[in-house]
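Hi,

Here's the structure I said I'd pass along.

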Amino acid sequence: MELVAALCVITTGIAWLGTYTRARRRGYLDLVDWFVATAGLLYGAAYIFVLFATERGDNPLWQHTIRPYRSFYWLPPVLGTMVVVAVWAGSALASAHIRQVRRACDSPLLNRQSPYRLTAWFALVAGILSYWLYARAYGGFITLWLYVMIPSQRAAVNFWQMENPFTFLNRFGALTWFAALLFFGLVLSQRSSPKRHITDSIGLIIALPVALFILSTWTARVFVASFFFLFIIAYLYWRRISLHWFVTAILALFCIGTVTVWGVTVVLDPFKLEQNFLTFYAKEASFPTMSFFGAIEREDYRYFSDLIATPLHFLPQRILYGVLGLETASDVNTRWFLGERKGEGDVGYGIPVDFLTFGYMQAGVAGIVINGLLAGYLLSLLSCLVNSLSLSGVRSALYAYCSVMVAALSVAYTDPAHIVRRNLHFFLGFAVLSLLSILGKSETRGGSSP
């Protein structure tokens, strides 16, 4: 354990010191920095915490799936360091295309507030209408919320087995979250402007509680816990505070967030609580460790089929499972440990795959390295896309969202199915902004022609 602890310290040190060094050159944390810092935490400090808790007997739920692999304890921090280096290399490869992306994003339309405001109201209305149609099958918003919040009532009506033809609209409700981010960004952008748009403040006042309500009905503890933190991070980006104070603030928010997740669990999902704080987090942080060891034992490679199938996850799950018979990496992982995938038999939850597990399931160690290169490349391009937005407030709000929900969370929840589902509202909202950009260019060219 001493050797493993030393390897974990090295992994975390390389990731965090490298991240701070990279960030000092530009003055802020980019998406690659968020990803690497999270990888250093997950495969360093958090990993050794799980091992010590498991060896002490404070991880009763999963210790029987981790202890048999003591001879492999050293492997995750070593491969975690490889991930860090591969992501940095992928980011360096992307630098050659960043100028082209910036030129492609240069649109006179996006220099005005109207497309952002139009997209925000569209997202808010579409999100409310979508979730209203979804909630009708359960008797409306309030009845749905009561079913979710009161376990006895949920069990009495067999809530999760109720037929709902509009189940696919569930995720569209999070468009209200995207709307709240845009309205918040518009309000920030106008703080120094003498002409303020009162409708932006009204939109924000409406979108905030609606989005939080919808997220709470998902029993999405991480989403609810991070909801307000994203707006704080967006404000910090917008204020352009020094890197030192920004990192200090993020560390403080992380500490507060760990307590907040516990509190949110008490309210939204009390069945997942444990006898104490240590056991709770040992259980919650164990899935990357046991999933990785399970992947090593299976040695059943998927040869990047999960990456190829990524666009399919924009389709309703009825089509994916019922028509196409698609099985994700998380489905395979869940079946390995629980006997069935989520939704089958008595299995009511899934066991997601982290970055190491997902990469190993594709092609072993080579899959981990290739996925690292791809992650660094794509995160750099996404960082460039978001930075191309001209309004500082909107840019800061969407960058804060991408930092946490796309970059950081993708280390622990790497399956493309999870990435698409948790960020569907962002991808759709950003697609609308991009469409307005294309239309704006066409109108500008048409107006200037003889």
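Below is what turned up when I went through it, starting with the overall picture.

Bear in mind that this is a predicted model. The chain has 20 helices and zero strands. Of its 450 residues, 51% are buried. If you take contacts between residues at least 6 apart in sequence, 73% of them join residues at least 24 apart. The chain exposes about 20500 Å², with carbon and sulfur atoms supplying 66% of that.

On the helix 9 side, the contact is made by Leu208, Ala211, Leu212, Leu215 and Ser216, and helix 10 brings Phe223, Val224, Phe227, Phe228 and Phe231.

Now the charged pairs. The structure holds eleven salt bridges, and here are some of them:

- Asp33 pairs with Arg26, with the closest N and O atoms 2.6 Å apart. Asp33 counts as buried because its relative accessibility is 1%, while Arg26, at 30%, is partly exposed. Both belong to a salt-bridge network that also links Arg22 and Asp30.
- Arg302 and Asp306 meet at 2.6 Å, N to O. Arg302 is buried at 18% relative accessibility, and Asp306 is buried at 6%.
- Arg341 bridges to Asp331, the closest N and O atoms being 3.9 Å apart. Arg341 sits in the loop between helix 16 (329–338) and helix 17 (355–387) and Asp331 in helix 16, so this pair ties together parts that are ten residues apart in sequence. Arg341 is buried, with a relative accessible area of 14%, and Asp331 is buried too, at 7%.

On the surface, there's a nonpolar patch formed by Leu312, Leu315, Ile319, Val323 and Leu324, with about 400 Å² of accessible area together. Ile319 lies in helix 15 (residues 317–323), and its 33% relative accessibility makes it partly exposed.

Last one: which helix holds Trp262? That would be helix 11 (residues 243–268). Trp262 counts as partly exposed, at 23% relative accessibility.

Cheers

Notes. Residues are numbered from 1 along each chain as its sequence is written. This is a predicted model: local features need pLDDT of at least 70, side-chain atom pairs count only at pLDDT 80 or more; totals for chains, interfaces and linings use all residues. Side-chain values use heavy atoms; hydrogens and water are left out. Patches are made of residues with over 30% relative accessible area and no salt bridge: like charges are joined within 9 Å, nonpolar side chains (Val, Leu, Ile, Met, Phe, Trp, Tyr) within 5 Å. Accessible areas come from the Shrake-Rupley method with a 1.4 Å probe; for residues, only the protein chains shown count as cover. A salt bridge is a side-chain nitrogen of Lys or Arg within 4 Å of a carboxyl oxygen of Asp or Glu. Helices (H or I, at least four residues) and strands (E, at least two) are DSSP runs, numbered from the N terminus. Buried means under 20% relative accessible area, exposed over 50%, partly exposed in between (1.4 Å probe, protein chains only). Contact means heavy atoms within 4.5 Å.
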